[in-house]
Amino acid sequence: MSARALREVLKQQESANNLNNDLSDVDESESPPDSPQPFSNPFDLLNDQDQQEQESEPSDVETSSTVKKEDDDKKNTATNAAPSNKKSKKKKKKKNKTKELSSNTDDVDSLDSILNDLSFGVDLSGGRHQPSNGKPESVNGAGKRCTTNILQVDPKFLSADNELRRIFGSKVVNSFEKSNQAGSSRQLGRPRRRVIQKYKKTIIISPSDHWPRWDGSLSMELLENKNGCNYFRYVHSSTYDLAQQQFEAAKSSHDLNTIASILLRYPYHIDSLITLAEYFKFSGELQMSADSTAKALYALECAWHPLFTPLQGNCQLKYEHDTNKPFFTTLFAHMKNMDRRGCHRSALELCKLLISLDSDDPMGALFCVDYFALRSEEYKWLERFSEEYNSDNSMWLYPNFSYSLAICRFYLEREERLKETETKATSSDLMKQALMLHPSVVKKLVVKAPLKEQVWSKIVNHSFFGKDETGSESLDHLINIYVEKSYIIWRLPELHNFLKDTALLIIEKMEINQSEARDWACVREEAFASNKNEYSHLMVSDFSDSTPTIPPENLQNFMVDPRLLEMHNNDGNHNQENGDGVVRLEVTDQNALAVLLEAMMPWVDYETGEGDDMPQDNED
């Protein structure tokens, strides 16, 4: 409506109605007004609008609202008053909602502040609250850090099935799983009704359908919070202690049947599962061994404390506590199983977890983390790890890192085509440094790989590369571990040629001047100055890809310390296994009846001495 039309309506109503504004509604309901109705033909106002100009002033809008309130017609008053009342109600509701939201946000903020005070630096999502600057916290004045970004574990790479799907594709893996399920169903015969069980959600291990539910016999307690790092320890229940006593009695008598009966009553007894896994491994049942290891690790993972977040690298589980040792043993065995299946990225994440849980590295994970990084092509990560893990930057002194960093730089140069603009040393310089620092590695690699080119005989026969020992038992032990673990990498043609060319360059340089070799020898002596073997607790066989087997008649006595077996294999009189699986036994100081019974076994063959003229009964 235009302003002029509204003014005319106001004049007419002011002349007709002389009553007060408060009693106008009552008068309108009792009797109709005497004045002529101005809205008898409302279309006249529309005609006036077409002829006159439109004005949109706020005063006109207010006058229109007053006109509608003072209108005599009941229908007009009802229809005009309704929208204004609705708008006012909506405004009131909006104000009430904003007040409620503000009060709710205040309550949430207060709850978050309380939970943050009680969470020991751990947020509700399982991660760790980082400082505002995003830098990791330091532990002590020695320069070590409880949590480092370099050791944070990515949970999406922990699953071996996911890695196999990334390598071979989902279709191949699914078809393989279906074929295995079909084969197992044929062996079982008539299908049975499956019992659906609810398993506890875990990160490292996905439980199988045939596993029993976790019995809750293990738990974990928080020992202390020191320098932003939480220290934990496993705790046994009374039922678990009873099972442990039965296990110790069975172990002393070498009774596997008793251990099997313990697992029937206590299906998640860790030591019994570890022993059963070792039994299956020595008998050649690698899949059953891996299943037992995974079941033990699943039970240990179910017992985690709510504040135990090892994937973030801010938790410590010290190996010095006896109840924590099975977790390290089981996790190391599971890492080896992932490596055996070809899931090197999963093995790398597990290796990072082992390093982060105990800075003392009781399992020797530092001496295989470089291998897993190279196999999973995590070259940049390995360089960052060697620079950031130790504050003194001494990782390159170890033989495994000395050679692996050269390989990293070799592949990064091929990928990124790094040239003189790069501030880091080149791959050739790093390989020269590795060969000068640890020359005895070359001869052992040539024998272990093996490298059969004629030029290697010239390299190995040189005085600089021909030494078998370095004079340090610790260094010799680490070199043996490196060669046993990483020899297969040097079979690649590009790395084989890279090592060969660099070794030949060093030989040419040594013929001119040998002063640099003496300098590197001094560095080696200072880095490994101890006369004792500081790494004697690490067994070379634990880093080997080969799986040893034991004849069935000797499996009953296999529950002994593996170090005793390795010491027995290192002495003069030991059993030898040929490539065809036949075990060679010595006859010296043996019982004649025992020799006769063992000779009847198809996998046993006795040595006949060093004389070649002795007759062989087994020859065709």
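Residues are numbered from 1 along each chain as its sequence is written, and side-chain values use heavy atoms, with hydrogens and water left out. Because the model is predicted, local features need pLDDT of at least 70 and side-chain atom pairs count only at pLDDT 80 or more, while totals for chains, interfaces and linings use all residues.

The secondary structure of the protein comes to 24 helices and six strands; these are DSSP runs numbered from the N terminus, helices being H or I of at least four residues and strands E of at least two. Of the 620 residues, 37% count as buried, meaning under 20% relative accessible area with a 1.4 Å probe and protein chains only. The protein exposes about 37,600 Å², and carbon and sulfur atoms supply 50% of this area, as computed by the Shrake-Rupley method with a 1.4 Å probe. Among contacts (heavy atoms within 4.5 Å) between residues at least 6 apart in sequence, 68% join residues at least 24 apart.

Three strands form an open sheet of mixed pairing, in the order S1-S2-S3. S1 and S3 stand at the edges with a single partner strand each, so one side of each has no neighbour in the sheet. Two strands are taken to pair if DSSP finds at least two bridges between them. Strand S1 (residues 218–226) pairs with strand S2 (residues 229–236) in the antiparallel sense over eight bridges. Within this pairing, Leu222 stands opposite Phe232, and Lys226 stands opposite Cys229. The two strands form a hairpin with two residues between them, and Asn227 in the turn has a positive phi of about 55°. On the pairing of S2 with strand S3 (residues 315–316), the sense is parallel and there are two bridges. Here Tyr231 stands opposite Gln316.

Two packed helices are described by the angle between their axes and the distance between the axes. Helix H18 (residues 440–448) and helix H20 (residues 473–486) pack at an angle of about 35°, with their axes 10 Å apart. The axes are lines fitted to C-alpha atoms over the stretch in contact, and angles run from 0 to 180 degrees between N-to-C directions. H18 contributes Ser440, Val441, Lys444, Leu445 and Lys448 to the contact, and H20 contributes Asp476, Ile479, Asn480, Tyr482, Val483 and Glu484. By class, this contact has five nonpolar, two polar and four charged residues, where Ala, Val, Leu, Ile, Met, Phe, Trp, Tyr, Cys and Pro count as nonpolar, Asp, Glu, Lys and Arg as charged, and the others, Gly among them, as polar.

Notes
Buried means under 20% relative accessible area, exposed over 50%, partly exposed in between (1.4 Å probe, protein chains only).
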